[in-house]
Amino acid sequence: MKRYIIRSVKYLLALCVLYVTIVYLSCKTSSYPISFTEYLSLLLSTTKGHILVAATILLSAFYPYFGYVKREVEASLNSDSEQIIRAFSSYGFCLVEQSDKHMVFRATGLDRLTMLFEDEISVTPKNGGVLISGLRRKAVKIAIRLEGYMYHKNLSNE
């Protein structure tokens, strides 16, 4: 539950920074002789501004629920580790921890910031396959790439 709240707060802060940046740029490029703080308070004092605030809070409250995913892929953690590492490295992730029970990957470079430092994706064995758990926008792409690698590996073995 603690992790859920931290992810919600991080996403709320990111949305607020994005909104303030857009308003600032809009204020600077407009021809109205009004300051940034006046422009921002004017936008937030309307009914549409109140709706925007409520929608932002609701979106960030539910973001951890729909923003993170677990995908199962038919692969072996031990015998297919090369394909797993290749699938992750193709999306800019590097292996930071490995054991017989799991593998943990983290993003590199600017991707860590764009994922709000919630870039950890874990791979654990499950039901004859592996379970990939992490941020939806990256974990799903990696799982699809890994499925492709496993498909080609199985074709070459036949």
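Which residues of α1 are buried? They are R7, S8, Y11, L15, V23 and C27. Keep in mind as you look around that this is a predicted model.

Helix α1 itself covers residues 2-29, 28 residues in all. From its first C-alpha to its last it reaches 41 Å, close to the 40 Å expected at 1.5 Å a residue.

## The five-stranded sheet

Let's turn to the sheet. It is open and built from five strands in the order β1-β5-β4-β3-β2, with antiparallel pairing. At the edges are β1 and β2 (93-98), each of which pairs on one side only. On average, neighbouring strands of this sheet are turned by 25° against each other, direction ignored.

Walking across the sheet, β1 and β5 pair in the antiparallel sense over six bridges, and here E72 stands opposite L131 in β5. Strand β5 (residues 129-135) also pairs with β4, antiparallel again, over five bridges; P125 has V130 in β5 as its bridge partner. Next, β4 (residues 121-126) and β3 (residues 103-107) form an antiparallel pair over three bridges, where V104 is partnered by S122 in β4.

## Helices on the sheet

Two helices deserve a look here. Helix α6 (residues 136-157) lies across β1, β2, β4 and β5 and runs at about 10° to β1.

The other is α4. How does its placement relate to the strands of the sheet? Helix α4 (residues 81-89) packs on the sheet and touches β2, β3, β4 and β5, while its direction makes about 15° with that of β3.

## Two residues with positive phi

F117 is not a glycine, yet it has a positive phi of about 60°. This residue lies in the loop between α5 (110-114) and β4. Is F117 buried, exposed or partly exposed, and at what relative accessibility? F117 counts as partly exposed because its relative accessibility is 46%.

N127 is likewise not a glycine and has a positive phi of about 50°. It lies in the loop between β4 and β5, in a hairpin with two residues between the strands. With a relative accessible area of 67%, N127 is exposed.

Notes. Residues are numbered from 1 along each chain as its sequence is written. This is a predicted model: local features need pLDDT of at least 70, side-chain atom pairs count only at pLDDT 80 or more; totals for chains, interfaces and linings use all residues. Side-chain values use heavy atoms; hydrogens and water are left out. Two strands pair if DSSP finds at least two bridges between them. Helices (H or I, at least four residues) and strands (E, at least two) are DSSP runs, numbered from the N terminus. The expected span of a helix is 1.5 Å times one less than its number of residues. Buried means under 20% relative accessible area, exposed over 50%, partly exposed in between (1.4 Å probe, protein chains only). Axes are lines fitted to C-alpha atoms, for helices over the stretch in contact, and angles run from 0 to 180 degrees between N-to-C directions. Contact means heavy atoms within 4.5 Å.
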